[in-house]
Amino acid sequence: MRWLRRNLVGIVGIAVLVYLFVPIAVIMVLSFNKPSGKYNLTWNEFSLDAWTNLCGVPGVCSSFVTSIQIGVISTIVATVLGSMIAFALVRYRFRGRSTTNLLIFLPMATPEVVMGASLLALFLNLRFPLGEGTVIIAHIMFIISFVVVTVKARLQGMDPRLEEAARDLYANPRAVFRYVTFPLVLPGIVGAALLGFALSFDDFIISFFNAGTLVTFPIYIWGAAQRGIPVQVNALATIVFVVALLIVLTAQFVNQRRRRSLATSVVPADALPRS
Amino acid sequence: MAEKANTVEDLHLQNLTKSFGDFVAVDDLTLTIPAGSFFALLGASGCGKTTTLRMVAGLEDPTEGSIRIGDRDITRLRAFERPVNTVFQSYALFPHLDIFENVAFGLRRRGIKDVKPAVEQMLELVELGPMARRKPAQLSGGQQQRVAVARALINRPEVLLLDEPLGALDLKLRRQMQIELKRIQVDVGTTFVHVTHDQEEAMTMADTVAVMNAGRIEQLGHPADIYETPRTVFVANFLGQSNLIVGRRSGAAGDDTLVEAHGLTFAVPSQRCFAAGSDVIVGVRPEKITVLDAVDRDRVPESHNRVDGTVTDVSYTGVSTQYLVRSSWGQEFMVFEQNVIVGDRCDVGDPVVLHWAPSHTFGLDGAGS
């Protein structure tokens, strides 16, 4: 009983992690499966078929590439626009500033179904042909909100004295931005872009409404789910997961190495000889 | 530094005013800060001292008035165009740059290509040579403070502004940095304008102290002069402590002005009496007063000002003993006695006589207070 009490936090923690990672593990394991029937749901036999023939099923790879394309374009556009909006909202006082602040939040709060449907209505009314263009427009729209919120937080958290110090040290407005403001806000912008890409790549509902005949990766999987998802989908999902994991690990590794290389040369700060 | 700033010139503030809406932060300030001096603006928070400093730095536009260095009007120049640098409160070091790049920042922005010798020399001056490749977050408070000084001084400003530069340091380190800053100032010969709310810091470091209150300068002078001869009630209380007795001018005797209060007559040297009308506040510093047991009252010199009272509190602090003495009209007097003689102390409840020389007395204007 005492043992349990002492280790309860650890046990619950492990249980939560298991709960989070079991589905991902199942996906990965099943990418090495050779299903017996249409559905890749139970383990049958080890096979590398899906991995050696990634694009073997028609439509898988093209939908994957389409999603990446849409993600990259809409992330770039949304990050640039969103960062500019964030600067404007934090740095300038203008009419309608607080209204803008509020409106920027709305797309995040609106149910995706509603947003998808209303965008579709808009495009149909404008007789705008549905396809990659409309999906990109829709994605830019909801990514912007996340970028603005992230970059704004970073900007607001910045000590205004840093920019004053730069001005005091002979930096004209452009140099202040280039050498102080931008490098300090950059981590926020990069974070916002990564989040934006993930949201875009992942989006199903809004894309589905506005895609027309275009097939993105999530739309492909949804369609395939009715007929039996090909094992290649598991393999591609595994690749996405591993790539994401590698990015995170690399970032941590770089950070840690930088910290350690700095730490090795450290003489206790105040123990240095002073004349 | 290899050479001193080319020609150091006086800094002139002329009718400088800054209002934020209805609030007047700095009120018609006219001031000349002599070249090469260590000048302290001393005041409580909100007295306008930091606003004054920011106007000189170019980070705040004056509502009215002008700022000149020698004959050059810099009022309309922008911050990055002024030959003035600032050591910011809490330093504002660039967290993404290492110490070397922080110090080199100003030189690089002015397009100087070979910054290495100058930066290394400056880091030597502040004894941070081995720290060049560290990030600011890896330095202690005192080291960060020195980086901030180096980053500003490397540009050889004609005026160096220091905004509460030692505020974030602990007491011991602050003492040490006070001496160090003073040494650097003597080394480089630049005009230092130092803003602080710490009266002891202002007095130990500065050649000239200006005490500010509500956007105006109350008194300006050498620290010792201001302390010994405060001219306003605010200065008497803000810079050190004072015992103040409210009275009325009752006449004159030789070079002294006589002031009557609570049935007693106090002598104040006329040139130390700054009251315009008949309301005079008699002041004396706590360490100028001598405490005598009431039985020894005949030992009080004839010419001295005196007050009878009862000891209400005694605190022994090692170097000195601090007494609180309640006078017959209920005012508490603070007295600091040096512990020169062992075992000669008064106790709570003892009737005592306080006395002090008229030459240590000052008279302040009591009108409206």
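How many helices and strands make up the secondary structure of chain B? The count is 8 helices and 20 strands. The model is predicted.

## Chain B overall

The C-alpha trace of chain B spans about 80 × 45 × 35 Å along its principal axes. The chain has 369 residues, and 41% of them are buried.

One open sheet of chain B holds 4 strands, in the order S2-S1-S4-S5. The pairing is antiparallel. Strand S2 (23–33) and strand S5 (72–73) of chain B stand at the edges. Each has a single partner strand, so one side of each is left without a neighbour in the sheet.

Inside this order, strand S1 (residues 11–20) of chain B pairs with strand S4 (residues 64–69) of chain B. The two are antiparallel and share 5 bridges. One bridge can be named by its residues: B:Thr17 has B:Glu64 of S4(B) as its partner.

## The sheet S15-S19-S16-S17-S18

Another open sheet of chain B has 5 strands. Their order is S15-S19-S16-S17-S18, with antiparallel pairing. The edges are strand S15 (290–293) and strand S18 (332–338) of chain B, each of which pairs on one side only. On average, neighbouring strands in this sheet are turned by 45° against each other, direction ignored.

Within the pair, B:Ser320 is bridged to B:Gln338 of S18(B). Strands of a sheet pair through backbone hydrogen bonds, either parallel or antiparallel.

Is B:Lys49 buried or exposed? B:Lys49 is buried, because 29 other C-beta atoms lie within 10 Å, and the cut-off for burial is 20 or more. This lysine belongs to helix H1 (residues 49–57) of chain B.

Leaving aside residues up to four places away in sequence, B:Lys49 touches B:Leu41, B:Gly43, B:Val195 and B:Met212. B:Val84 is 35 residues from B:Lys49 in sequence. Their C-alpha atoms are 17 Å apart.

Most residues other than glycine have a negative phi. Which values do B:Tyr91 and B:Ala92 take? Phi of B:Tyr91 is positive, near 75°. Phi of B:Ala92 is also positive, about 50°.

B:Tyr91 counts as buried because it has 22 C-beta neighbours inside 10 Å. B:Ala92 is buried as well, with 24 other C-beta atoms within 10 Å.

## Where chain B meets chain A

In the contact between the chains, 23 residues of chain B meet 21 residues of chain A. On the chain B side, the elements giving two or more residues are strand S6 (84–87), helix H2 (99–109) and helix H4 (141–153). H2(B) provides the largest share, 3 residues. By class, this side has 10 nonpolar, 8 polar and 5 charged residues.

## Helix packing in chain A

Helix H6 (residues 132–156) and helix H8 (residues 173–202) of chain A come within 9 Å, axis to axis, and cross at roughly 155°. That angle makes H6(A) roughly antiparallel to H8(A), since angles over 145 degrees count as such. The crossing is right-handed. Residues in the contact include A:Phe146, A:Val147 and A:Arg154 of H6(A), with A:Gly188, A:Gly191 and A:Leu195 among those of H8(A). The contact has 10 nonpolar, 6 polar and 1 charged residues.

Helix H3 (residues 60–91) of chain A packs against helix H10 (residues 217–227) of chain A at an angle of about 145°. Their axes are 7 Å apart. H3(A) contributes A:Val60, A:Ser63, A:Phe64 and A:Ser67. H10(A) contributes A:Phe217, A:Ile219 and A:Tyr220. These residues divide into 5 nonpolar and 2 polar, with no charged ones.

How values were computed. Residues numbered from 1 in each chain as written. Chains lettered and ligands numbered in written order. Predicted model: local features only at pLDDT ≥ 70, side-chain atom pairs only at ≥ 80, totals over all residues. Pairing = 2+ DSSP bridges. Axes fitted to C-alpha atoms, helices over the stretch in contact; angles between N-to-C directions. Parallel < 35°, antiparallel > 145°, perpendicular 65-115°, else oblique. Left-handed = near helix turned anticlockwise from the far one by under 90°. Contact = placed C-beta atoms within 7 Å. Nonpolar A, V, L, I, M, F, W, Y, C, P; charged D, E, K, R; others polar. Buried ≥ 20, exposed ≤ 12 C-beta atoms within 10 Å, placed from the backbone.
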